[in-house]
Amino acid sequence: MATKASARPITQDQVPAWDIETDVVVVGYSIAGVCAALGASEVTDRVVALERGGGSEGTCGGILYLGGGTPMQQAMGHHDTADAMYTFLLAALGPGVDEDKLRRYCDGSVEHFRWLFESGVPLISGPDREGTPLATPDPDGFVQVGAQEYAGGGLVWTGGEQAHPFNQLTAPVPRGHMPRDPDGTEDLFEGAVLKCLLAAAERAGVRTVFNTGVERLVVDDAGRVVGVAARSFGTAVFVRAARGVIITTGGFIYNDEMLGEHCTPAVHGAGKLGHGGQDGLGIQMAQMLGADAIHMDAVDATLVSTPHISFIKGILVNSRGQRFINEDTYYGRLGTETVLRQHSECYLLVDDKIFLESSWLRPAWASDSLQDLEQQIGLPDGALQQTVDYYNRGAEVGEDPLFHKGVRWLQPLSPPYAVLDLRHRSFPIQAFTMGGLRTDVGGHVLDVEGRPIDGLFAAGRASAGLAVHGYCSGISLGDGSFFGRMAGQTAARNPSR
Ligand SMILES: Cc1cc2nc3c(=O)[nH]c(=O)nc-3n(C[C@H](O)[C@H](O)[C@H](O)COP(=O)(O)OP(=O)(O)OC[C@H]3O[C@@H](n4cnc5c(N)ncnc54)[C@H](O)[C@@H]3O)c2cc1C
């Protein structure tokens, strides 16, 4: 495991000889790394990417959170603006969002869509799986695709835009963009975005060196970062970067020491969303040069398998037998709320009608009586009965006064009942970290006084990105690619030494 001490920089005079000399070195080659390499290669043709894994080990899914009126949104008849996107994300990703970065992201989102498309990511609209033709969106009808609500034509709702409180702030618009296969009929998910961009980087002439883990940064007499010390199959490799080093090594969910230092114990037992490479070493290497790291306590915890969409008609209760969230919100928000604020104590109560809608449900308890369920589960006497009674009174008149669940999901619950055990130990949760190096909009790593560290840049989960204490699916590939590309451009324009 990475430790701070092993991440100490070395000085240039400790380098016996440079094995590779280039302008820009990218450390880690996943979504942020490949976009940093592509960004840098827009300015210089001397770009080297070092990746510890044997290929790109990046754990990238397929959804990109984009908006502001992308061609795909327009093709499907969804009106969006940069301002609406900004308003939603500021509320959904916070508190603590970097407003300058968010503004830049929203204003640049349509252009970024085009860049991704021109780089080979097939962001194309087409008839959806249900055969809904192009440009006839059906805002109310939806189909569940995996964990997401499908909006049609390659768009998915991925942040709870339609749910309270966000639907009060701005008109809901789907912004989860999924690449599609070239005939436009099938969504491409696992790794599709990364795969296309890796091919683009190869075409752009980015030099990649795999099985090479960077262990330390190299600095000159003035403290400027001028290269990296790496190891490849046990052999030391020194790479000089005349213009800059970009850290895109991901977060630190696999570093138990850092998790213990920064994050709530609630995530320690959770599953980890990643592949093992996210050990925080990149962050520590920069910290050893005085880099600031922020929002290090921020984590996203998500339900691994999302219940069938019909579960929204049931109610989620905590260990006090009380509801704590509107069940129609984004399932990532639901998972985080459950893990961080309900101590992973969560039960889903459904009735017979809901149960019959889904073959997914595997109840842990069932009964005709709520009192009996309270005893079976160990909930306080009367609590569940009060919760259901209050919920039913609202549902009968199409209201959810406590949490404002959408009216289409409201139906009174009646016996017989079934309860799913969504507690952490029974229902897997996966977590990943969102804090990291403090960077400015251009990707410079900043020290604790807010000054750029000469020659050092970062993007992706190794840096503190757009998402802080809230998340939307697609924002990692979104901000990793957007700010990765910017960091690449900035590093490549840094004066050469
Ligand atoms: C199953 C799954 C599905 C997901 N789906 C989505 C989705 O649809 N949309 C979305 O936005 N996000 C999704 N995510 C999250 C997203 O994939 C990650 O947040 C994103 O990949 C982070 O990108 P990154 O480039 O910052 O770092 P990472 O993808 O974590 O990559 C870091 C890279 O750096 C390398 N590395 C680490 N240390 C070193 C070192 N010292 N030297 C050299 N190399 C090093 C690692 O091997 C790795 O390849 C998903 C994640 C998982 C696990």
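Start by selecting Asp279, which is buried at 14% relative accessibility (buried means under 20% relative accessible area, exposed over 50%, partly exposed in between, with a 1.4 Å probe and protein chains only). Before moving on, note that this is a predicted model, in which local features need pLDDT of at least 70 and side-chain atom pairs count only at pLDDT 80 or more, while totals for chains, interfaces and linings use all residues. Residues are numbered from 1 along each chain as its sequence is written, and side-chain values use heavy atoms, with hydrogens and water left out.

Arg52 and Asp279 form a salt bridge, their closest N and O atoms being 3.2 Å apart (a salt bridge is a side-chain nitrogen of Lys or Arg within 4 Å of a carboxyl oxygen of Asp or Glu). This pair links distant parts of the chain, 227 residues apart: Arg52 sits in the loop between strand 3 (47–50) and strand 4 (64–65), and Asp279 in the loop between strand 13 (271–272) and helix 8 (281–287). Helices (H or I, at least four residues) and strands (E, at least two) are DSSP runs, numbered from the N terminus. Arg52 is partly exposed, at 40% relative accessible area.

Next, select Lys272 and Asp256, another salt bridge, with the closest N and O atoms 3.7 Å apart. Here Lys272 in strand 13 is joined to Asp256 in helix 7 (residues 256–262), 16 residues apart. Lys272 is partly exposed, with 23% relative accessibility.

Move to Arg323 and Glu327, whose side chains meet in a salt bridge at 2.8 Å, N to O. Are these two residues buried or exposed? Both Arg323 and Glu327 are buried. The whole structure has 24 salt bridges.

For the cysteines, select Cys346, buried at 2% relative accessible area, and Cys196, buried at 18%. The structure holds zero disulfides (pairs of cysteine sulfur atoms within 2.5 Å).

As a last stop, select Lys101, Thr439, Ala459, Ser463 and Phe483, which lie nearest the centre of the largest cavity among its 14 lining residues. On a 1 Å grid over the protein atoms alone, a cavity is a set of points where a 1.4 Å probe fits but cannot get out, and lining residues have an atom within 4 Å of a point. The largest cavity holds about 80 Å³ of space.

Methods. On a 1 Å grid over the protein atoms alone, a cavity is a set of points where a 1.4 Å probe fits but cannot get out, and a pocket is an open set with protein on both sides within 12 Å along at least five of seven lines; lining residues have an atom within 4 Å of a point. Grid points are joined across faces, edges and corners, and a volume is the space filled by probe spheres set on the points.
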